[in-house]
Amino acid sequence: MLANYHTHTTFCDGKSTVEEVVLSALEKGFAAIGFSGHGYTPFDFTYCMKDTDGYLAEIRRVKEKYGKEIEIYAGVEEDASYPQPRGLFDYVLGSSHYFCVQKQYFPIDSSIECLNKCVSLYGGDTVRMAEDYYSSFCTYLNRYRPDVIGHFDLLTKFDEQSPRFLPDPAYRAVAKKYLLEAMRCGGIFEVNTGAISRGYRTMPYPHEELLHVLKKEGARVMLTSDSHHAGTLDCAFDEARAFLREIGFRTATVLYRGEFVEDTL
Ligand SMILES: [Zn+2]
Ligand SMILES: [Zn+2]
């Protein structure tokens with residue numbers, strides 16, 4: 001079935017309204033759409049939701065209007081540094097966007113410059129940086145147990161333009177070690193095409209090697225577009241499905257009738 005559960009709107013840093021997204025999903029023949037506004041973070045207002053009540057109310061409104069034609073879910077993409085209250089949302093997608101160094105938060109996915117700044121704070125030691133990133137992400141995952149694990153190796157967002165992590169076997173060993181650690185939280189790993197639609201990458205997160213590990217270990221995966229515009233709800237989904245099938249996956253998880261169930265790829 002066609003669906004996407006990682007969707008941003010004008011309530012955070014997305015470009016389209018909730019209703020525009022629903023209309024686009026309907027036009028594309030989606031069976032379900034899940035919204036995942038960026039959870040509020042007190043240290044960075046540039047991208048997150050400031051009006052969570054308004055967001056939830058607007059989703060309730062469109063659900064009343066279109067709920068017979070499409071399943072609509074009110075989720076949240078919470079940052080690992082600031083977990084959201086449980087019970088407010090239909091599901092929680094947990095992501096790690098920041099490095100916190102000396103009480104300053106650096107959004108590693110905002111630009112190559114910001115990532116480079118972080119690397120320099122680690123004296124260029126990208127392996128130690130990756131250890132810190134993944135170990136704090138895993139601590140959060142195993143403590144707060146979000147339903148879905150967002151873009152696990154976001155750290156590699158700019159690697160196609162500036163290959164800092166993936167070519168290094170020591171980095172890849174760290175990522176693999178913590179992937180296994182993250183699996184303990186029981187969450188569904190998203191296979192996220194968002195950086196493809198924004199022109200940063202040609203492949204989804206997580207990296208192919210990690211997807212092989214997830215397959216071998218029997219983890220569940222969910223295909224998402226991390227869409228920031230109504231037009232990109234299913235960006236690169238066909239390619240990502242074919243890629244997942246090549247790796248050996250036969251199903252992906254969807255949220256349907258209120259349950260996380262497996263759907264044929
Ligand atoms: Zn994110
Ligand atoms: Zn997102």
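Reader: In this predicted model, which way does α1 pass α2, right-handed or left-handed?
Author: Take α1 as residues 18-27 and α2 as residues 52-66. Their axes come within 10 Å and cross at roughly 35 degrees. The crossing of α1 past α2 is right-handed.

Reader: How many nonpolar residues does the contact of α1 with α2 have?
Author: From α1 come Val 18, Glu 19, Val 22 and Leu 26. They meet Glu 58, Ile 59, Val 62 and Tyr 66 in α2. Two residues of this contact are charged and none is polar. The nonpolar ones number six.

Reader: What span does α5 reach from its first C-alpha to its last?
Author: Helix α5 has 15 residues. At 1.5 Å a residue, 21 Å is expected. The helix comes close to that, reaching 21 Å.

Reader: Why do the buried residues of α5 lie on the same side?
Author: The buried residues are Tyr 171, Val 174, Ala 175, Tyr 178, Leu 179, Ala 182 and Met 183. They share a side of α5 because the arc they cover around the axis is only 165 degrees.

Reader: Which elements do the buried residues of α5 pack against?
Author: The face turned away from the buried side carries exposed Pro 169, Ala 170 and Ala 173. The buried residues pack against α4, β7 and α7.

Reader: How many charged residues are in the contact of α5 with α7?
Author: α5 passes α7 in a right-handed crossing. Arg 172, Ala 175, Lys 176, Leu 179 and Met 183 of α5 make the contact with Glu 209, Leu 210, Val 213 and Glu 217 of α7. Five of these residues are nonpolar and none is polar. The charged ones number four.

Conventions: Residues numbered from 1 in each chain as written. Chains lettered and ligands numbered in written order. Predicted model: local features only at pLDDT ≥ 70, side-chain atom pairs only at ≥ 80, totals over all residues. Left-handed = near helix turned anticlockwise from the far one by under 90°. Helix = DSSP H or I, 4+ residues; strand = E, 2+ residues; numbered from the N terminus. Contact = placed C-beta atoms within 7 Å. Nonpolar A, V, L, I, M, F, W, Y, C, P; charged D, E, K, R; others polar. Expected span 1.5 Å × (residues − 1). Buried ≥ 20, exposed ≤ 12 C-beta atoms within 10 Å, placed from the backbone. Arc of directions from axis to C-beta. Axes fitted to C-alpha atoms, helices over the stretch in contact; angles between N-to-C directions.
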